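User: Could you walk me through this structure, starting with how the chains meet and then moving on to the ligand?

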Amino acid sequence: MANIEINYKNDICQIECSGGWTLDSVAEVSPQLKKALSAIGEASDVILDITSVEVFDSAGAILLLNYADKFKGKGYHVNITGASEEQQRMLAMYRQQLATTTTETQLNPRSIAARLEHLGEKSINYVLGTAHFFAFLGETFNALIYYFVHPSSIRFRAIFKNIEEAGVRALPIIALTAFLIGVVIAYQSAVQLEKFGASIFIVDMIGIAVTRELSPLITAIVVAGRSGSSYTAQLGVMKITEEIDAMKTMGFDPYRFLVLPRIIALMIAMPLMIFFADLIGILGGMFIANVQLNMSYSEFASRLQSVLDIKHVWVGIIKGPFFAGLIAAVGCYRGFQVSYNTESIGRYTTISVVNAIFLVIACDAAFSVVLTELGI
Amino acid sequence: MSAAVVSMRNIVTRFGENLVHNDVNLTVYKGEIYGLLGGSGSGKSTLLREMIMLLRPESGSVEVLGHDVLHIKHTEAAELRKKWGVLFQSGALYTSLTVAENIAITLKEYTSLPPDLIDSIVMAKISMVGLPEHAASLYPAELSGGMVKRASLARALSMDPQILFLDEPTSGLDPVGAEAFDKLIVSLREHLGFTVVMVTHDLDSIWTIVDRLCVLGDKKVVAEGSLEEVMQSTHPTIESFFRGSRGTIRSRV
Ligand SMILES: Nc1ncnc2c1ncn2[C@@H]1O[C@H](COP(=O)(O)OP(=O)(O)O)[C@@H](O)[C@H]1O
Ligand SMILES: [Mg+2]
């Protein structure tokens with residue numbers, strides 16, 4: 001328990017301090033001292049008497065010195081009395097430390113100017129960010145040309161490893177999502193189509209919707225969440241641990257060794273994954289058609305054969321490399337942006353996934369417009 | 001001799017098959033700077049982690065400030081943690097906080113001090129460890145190696161600890177920086193009166209600032225006591241440590 005008691009004697013305001021002035025307890029006297037400071041009566045001198053202070057630590061000492069300064073600032077003559085030898089030593093030391101720090105050090109700037117500055121900085125960074133992304137693409141392209149000129153420098157092992165990691169290992173989750181999408185579409189349309197006695201059209205519907213639009217999108221979203229985020233996190237951690245700097249000093253261009261293998265691997269794996277998702281999605285639809293509409297598997301298959309134009313499958317698969325390029329490029333780019341603290345890994349991983357999904361959908365829309373105009 | 005602040009008895013530690021400590025005993029007394037020595041991988045950091053409740057030994061007893069830390073209640077443990085400061089080998093500053101925020105964080109969590117007083121305390125600690133004032137608003141990634149050590153020391157000192165645990169505080173510093181850091185520890189100990197337990201390889205530190213030390217070797221403490229006492233031992237670990245070429249130069253001076 002820390003405490004103060006204020007007595008006036010003649011011209012002197014005597015503040016008796018007592019109890020333990022430690023980190024845990026000085027919070028109690030701080031408001032009392034504040035009150036004393038604002039309500040101080042007629043006096044010329046202030047005496048801070050710490051004779052009966054039992055324990056005293058940095059918080060106690062600094063609080064005492066701060067208030068001694070504040071009383072001085074109001075024009076009083078201040079004396080600290082009754083300090084034991086040890087307390088005197090502590091006070092002297094903290095006095096020295098406080099003297100070297102200018103009192104007005106702003107630890108948390110809160111002024112309007114600071115906020116405006118912050119806003120301006122953000123805006124500029126945003127513009128620069130776009131420029132940086134193009135610089136990143138340029139470097140990647142540069143590395144790609146190097147690959148063409150020196151085919152022996154292509155990192156086949158890294159590419160295969162990434163195909164396995166991002167492609168093969170994603171098959172179970174892609175199978176599950178694609179199957180469920182097939183089921184959902186079939187269910188929804190089965191009810192409607194049955195009303196019109198047009199149950200057979202469920203095959204056209206599933207065949208085209210799944211191959212042309214749904215399986216590329218679903219695959220891209222799963223890959224963005226799974227591989228895009230892990231690219232960002234991997235490269236981000238490598239940046240924090242200075243592995244990327246180490247690579248540069250050894251002459252291993254990170255674009256050639258880290259970025260391109262990831263992009264190429266995903267561009268190879270994605271069309272294959274989309275084809276896989278096509279099969280599983282149609283299977284899901286087939287299953288529901290069988291359960292819900294009593295359509296036999298062979299009936300479904302023969303109808304599919306006659307109505308599903310092969311171009312729809314191609315359109316879906318062609319989107320793969322584009323989506324993959326976007327996802328991998330954004331993932332790697334955001335990974336390089338990670339700054340030297342652990343929090344930014346989380347932030348950039350999130351940004352990377354959000355960006356990738358947005359870009360994939362935008363790209364898909366562009367495909368729709370272009371292909372429709374071309375009549376494909 | 002004054003009271004023991006840390007005492008470890010019959011410590012056995014094992015990671016899977018790897019027996020690291022086999023019957024380790026040591027005692028740290030109040031107010032001293034205690035050195036924990038030994039070759040790389042001899043289990044110094046592990047021993048330190050057992051003192052600060054980050055790791056449980058397989059058997060044995062650990063007492064810190066009179067608490068049996070292996071059978072301590074949750075609330076007592078929380079109280080005890082406020083009485084020590086730890087400087088990790090790599091600094092372990094929170095990378096997403098500035099230096100000032102790193103130092104202020106325990107004060108903000110555990111005390112109800114007004115913010116301006118906390119700011120004052122933080123600035124005092126920053127200047128106390130010899131960091132320039134502008135370092136307060138820097139992030140750990142913007143600091144040099146020596147500044148990281150100083151900033152983590154300031155963080156370890158934020159709650160006015162009674163014991164300071166240092167894991168290789170001078171490793172990675174240049175000789176001048178290391179000497180300055182040693183001096184800093186000694187002068188802070190003089191002013192603040194804490195006990196220091198430090199893991200070190202640094203022969204200079206051992207020669208100049210350590211009061212008592214123990215040397216780990218063969219999974220045991222091979223010698224404990226003041227430097228003179230330890231030097232009496234003829235154990236091969238000590239032979240190689242102090243009478244290797246680097247050690248000999250020192251002892252000749
Ligand atoms: N978390 C852990 N898991 C397994 N083994 C460990 C672990 N921490 C330390 N070790 C082993 O314990 C031994 C001592 O390690 P450490 O205490 O870090 O040595 P040092 O004396 O260099 O600080 C080493 O052989 C190390 O491999
Ligand atoms: Mg160690």
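User: How many salt bridges does the rule find across the interface of chain B and chain A?

Analyst: A salt bridge here is a side-chain nitrogen of Lys or Arg within 4 Å of a carboxyl oxygen of Asp or Glu. Applied across the interface of chain B and chain A, that rule finds one.

User: Before we go on, what kind of model is this, and how are things numbered?

Analyst: Residues are numbered from 1 along each chain as its sequence is written, while chains are lettered from A and ligands numbered from 1 in the order in which they are written. Side-chain values use heavy atoms, with hydrogens and water left out, local features need pLDDT of at least 70, side-chain atom pairs count only at pLDDT 80 or more, totals for chains, interfaces and linings use all residues, and the model is predicted.

User: Which residue of chain A forms a salt bridge with B:D116?

Analyst: The closest N and O atoms of this pair are 3.8 Å apart. The partner of B:D116 is A:K70.

User: Which helix of chain B gives the largest share of the side that touches chain A?

Analyst: Helices are DSSP runs of H or I with at least four residues, and strands are runs of E with at least two, numbered from the N terminus. On this side of chain B, α3 (99–110), α4 (115–128) and α6 (175–192) each supply at least two residues. The largest share, ten residues, comes from α4(B).

User: How much area is buried between chain B and chain A?

Analyst: Buried area is the accessible area (1.4 Å probe) that two parts lose on being put together, summed over both. Between chain B and chain A, carbon and sulfur atoms give 62% of it. The total is about 2,300 Å².

User: Which residue meets B:D160 in a salt bridge?

Analyst: The N to O distance in this pair is 2.6 Å. B:D160 sits in the loop between α5 (145–156) and β7 (163–167) of chain B, and its partner lies in helix α4 of chain B, 35 residues apart. That partner is B:K125.

User: Now the ligand: which element gives the most to the shell around ligand 1?

Analyst: Residues surrounding ligand 1 include B:F15, B:N18, B:G41 and B:K44, where near means a heavy atom within 4 Å. With three residues, the one that gives the most is α1(B).

User: How far is an oxygen atom of ligand 1 from an N or O atom in the side chain of B:T46?

Analyst: For the side chain of B:N18, the corresponding distance is 3.4 Å. For that of B:S45, it is 2.7 Å. For B:T46, it is 2.5 Å.

Methods
A polar contact is a pair of N or O atoms within 3.5 Å; within protein, one must be able to donate a hydrogen and the other to accept it, and residues adjacent in sequence count only if both atoms are side-chain atoms.
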